[in-house]
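We will visit a sheet and then some charged pairs.

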Amino acid sequence: TMEFPTLRLLLGVTLLGSICLTDGTALHPHPLTTNYTIDILRLAKAAHIKAYMADEDQVEACENFYQFACGNWPRLHPARISKHRTNYLEELQELYIRKSAEMLKNPTRGAENAADRQIKNFFGSCRLQANSTSSALNTLLQVADFRGGWPEIRVSSWYQYEYDWLQVVAHLKRQLGVDIFIGLDVILDYKEDRMHRLKIGAPDLPLGTRRRYLDPEYAGARELYERSIVGKLKQYFPEQSKRWLQEVAEQVVHIEQELAKGLPHNAALTLEQTTRQRTAAEMKSAYGSYVDVTRYLQLIFNDNLYMDLYETPEDYLSNLVDVIRATPKLQLANYTIWRALDALDSARVPPTQQPDIWCVQLAQRYFPQQLESLFHRNYNHMQMINELQSTWSDIKRVFREDLQASERLHWLTQETRQKAITKLEALKLHFRTHDEHKLVRQMHDLTLHTEKFYPNLVKVLQWQTQRGLAKLTQEPVAEDVVYKLPHYEMQKNRIQVPITFLQARFFWDAAYPNALKYATLGVLLARQMLHGFDGVGRRYDAYGYQNNWWDGSSENSYQRRTQCFQEQYAVFVQYKEKPVQDADLLRRVVADNGALDIAYRAYQQWFKNAADTPAIYQRERLPLLDRSHNQLFYLGYAQLYCTDYPETVERFDELPEPLRVNTALSNQQQFSNTYSCTRDNKLYARFKCTLY
């Protein structure tokens with residue numbers, strides 16, 4: 001008897017997921033079809049919400065509202081399977097990937113440019129050939145001259161006196177972008193941010209830190225790593241003996257253990273703490289011909305470089321000299337080709353992944369802007385943009401009215417309030433877009449084919465590597481940071497709205513109650529808005545310039561009021577017996593509490609101004625859920641943060657979602673009224689902290 005409701009709820013989740021995959025932009029819908037679609041959408045959304053909720057007899061809303069709203073999330077989205085945190089907001093990214101896969105498999109809506117065709121060719125070739133070990137191996141042997149291939153170099157007559165390890169690894173860096181023995185990167189100069197600098201030293205080793213390679217407590221991890229190498233080698237060389245597979249794997253791990261001796265003992269040290277500035281000539285004299293940095297750079301750039309480099313970590317290259325001296329050339333060669341093969345192997349579809357999804361993720365890794373641009377043109381996002389603008393207008397209005405006359409903000413002086421209003425008026429939503437012509441120019445030299453995945457991948461890696469190295473002679477430009485959710489940019493005083501956020505029906509559709517719009521879009525926009533008025537954001541003015549526009553009295557009042565939050569949240573030092581170390585706790589708390597209150601009041605204003613008719617009351621409720629419109633608001637808010645963590649989490653770098661949701665709600669008197677919480681309930685805070 002219990003299976004049928006569960007099945008029904010799961011079908012609702014599946015139905016809404018499939019509805020989200022469509023963009024709902026039929027040109028001339030029939031009125032009866034429209035009504036039918038609205039009913040299905042509302043039913044699917046209700047089933048979606050109910051599926052995540054705990055059974056009502058298991059938990060009371062006023063005792064643990066997060067559990068009340070999200071109690072079933074871990075069963076539907078268990079972190080133990082994926083081995084990483086599952087989160088409702090991350091589902092938005094998964095929807096983007098799924099819709100992108102459908103988009104890349106089908107004809108493009110509207111005109112298709114050259115960049116679009118390259119992405120589609122890359123995606124199509126990945127679907128066809130990503131799991132072809134023979135294609136990967138043949139491509140690698142064509143790219144790099146390994147003198148007769150591998151594993152033939154095992155023979156004793158191998159040309160060890162001619163083998164030039166430095167030339168081979170420099171060639172592979174240019175061809176595949178892979179760092180073997182030497183790590184090389186172009187970075188923004190941390191001393192002078194108006195120029196780039198070459199960073200040379202340790203490559204990223206698969207196990208990461210020195211401790212993982214050398215400490216006895218990680219012996220088990222090293223054994224698993226060695227076994228994984230044997231497994232991969234067997235896939236590429238099934239005819240080889242077990243002994244050969246084991247020998248090569250042991251050589252790989254041994255060489256990396258020796259390399260790890262040059263890594264810092266303290267893995268937490270920053271780049272500045274482990275770096276020294278030297279010329280290539282100074283490094284040449286320090287390390288001689290065993291690790292000839294001057295020649296390595298000449299092989300990479302086809303030119304002699306006369307500039308200072310950042311060497312990091314300081315002891316790595318001197319240790320590398322010892323490794324090169326002590327290691328037989330045959331083992332250096334084995335290690336080199338293994339690392340190159342492993343780099344290509346990383347593109348194979350993992351056993352747990354669907355090929356379409358994996359291939360979209362690869363396309364996103366190498367062409368993030370081009371994929372976004374195609375997605376934006378392929379799906380019609382105007383309805384979501386209009387809804388966001390409308391919701392943003394309501395959120396701003398509530399905050400503006402507070403600043404103008406409300407007793408809520410009496411702790412701010414009149415002068416500071418006026419400057420806050422000026423900043424708020426200048427604060428705009430910025431919808432992310434791309435220059436299509438620029439994206440086409442970026443990919444101009446790239447010609448990808450529909451049926452040759454690994455040759456395509458090599459071309460892409462070469463293209464990516466050359467673009468990265470070319471930065472050395474270019475002036476730095478602001479990094480194109482892509483956020484998953486709306487994000488406040490202090491130095492521009494704007495909220496960037498990513499393209500992936502604009503997907504229809506994930507947060508909102510015209511068929512849903514407005515309570516859900518304000519509980520999701522409203523809360524997320526209000527959170528970012530308040531970052532412009534917290535302890536960090538208030539140091540930047542309406543134009544994004546660093547300028548503390550608060551007077552002393554307002555600053556002191558801010559400190560006193562936030563002290564209440566600091567004391568309230570100070571008890572959260574652990575969650576599930578793991579430490580909580582949230583460096584941005586106060587900013588998060590101020591935004592959580594203020595945004596919930598502002599979004600709720602914006603919804604109340606909308607509801608008050610809507611026509612007082614039975615139809616509105618009916619529209620603001622959902623089938624399957626015996627909940628009022630205000631109760632639905634808080635359910636929508638809490639389910640934004642439904643999360644499950646794997647047991648392997650060692651610490652929480654952000655305050656866990658259950659603590660965030662429950663504590664913010666405990667400060668809201670409106671929540672207590674809506675769910676009839678009493679002073680005896682856990683979510684009824686006797687002393688409620690308020691700021692905005």
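How many bridges join strand 7 to strand 8, and do the two run parallel or antiparallel? Keep in mind that this is a predicted model as you look. Select strand 8, residues 494–497, together with strand 7: three bridges join them, and the two run antiparallel.

**Stop 1**

Show E489 and look across to strand 8, where R494 is its bridge partner. Then select H487, which has Q496 opposite it in strand 8.

**Stop 2**

To see one of the contacts, pick F431, whose bridge partner in strand 8 is V497.

**Stop 2: charged pairs**

Side chains of opposite charge can pair when their charged atoms come close. Across the whole structure, a search finds 42 salt bridges. We will visit a few of them.

Select D356 and K105. They form a salt bridge in which the closest N and O atoms are 2.7 Å apart. D356 belongs to helix 17 (residues 355–366) and K105 to helix 6 (residues 90–105), so this pair ties together parts that are 251 residues apart in sequence. Is D356 buried or exposed? Its relative accessibility is 17%, so D356 counts as buried. K105, with a relative accessible area of 34%, is partly exposed.

Next, select D164 and R295, whose side chains meet in a salt bridge at 2.4 Å, N to O. D164 is in the loop between helix 8 (133–143) and helix 9 (165–176), while R295 is in helix 14 (residues 293–301), so the pair ties together parts 131 residues apart in sequence. Colour both by accessibility: D164 is partly exposed at 24% relative accessibility, and R295 is partly exposed with a relative accessible area of 31%.

Then move to R377 and E436, where the side chains meet in a salt bridge of 3.5 Å, N to O. R377 is in helix 18 (residues 368–378) and E436 in helix 21 (residues 436–442), and the pair links distant parts of the chain, 59 residues apart. R377 counts as partly exposed at 26% relative accessibility, and E436 counts as partly exposed at 33%.

**Last stop: a network**

Which residues join D356 in one network of salt bridges? Select E102, K105 and R127 along with D356: salt bridges that share partners join these four into one network.

Conventions: Residues are numbered from 1 along each chain as its sequence is written. This is a predicted model: local features need pLDDT of at least 70, side-chain atom pairs count only at pLDDT 80 or more; totals for chains, interfaces and linings use all residues. Side-chain values use heavy atoms; hydrogens and water are left out. Two strands pair if DSSP finds at least two bridges between them. Helices (H or I, at least four residues) and strands (E, at least two) are DSSP runs, numbered from the N terminus. Buried means under 20% relative accessible area, exposed over 50%, partly exposed in between (1.4 Å probe, protein chains only).
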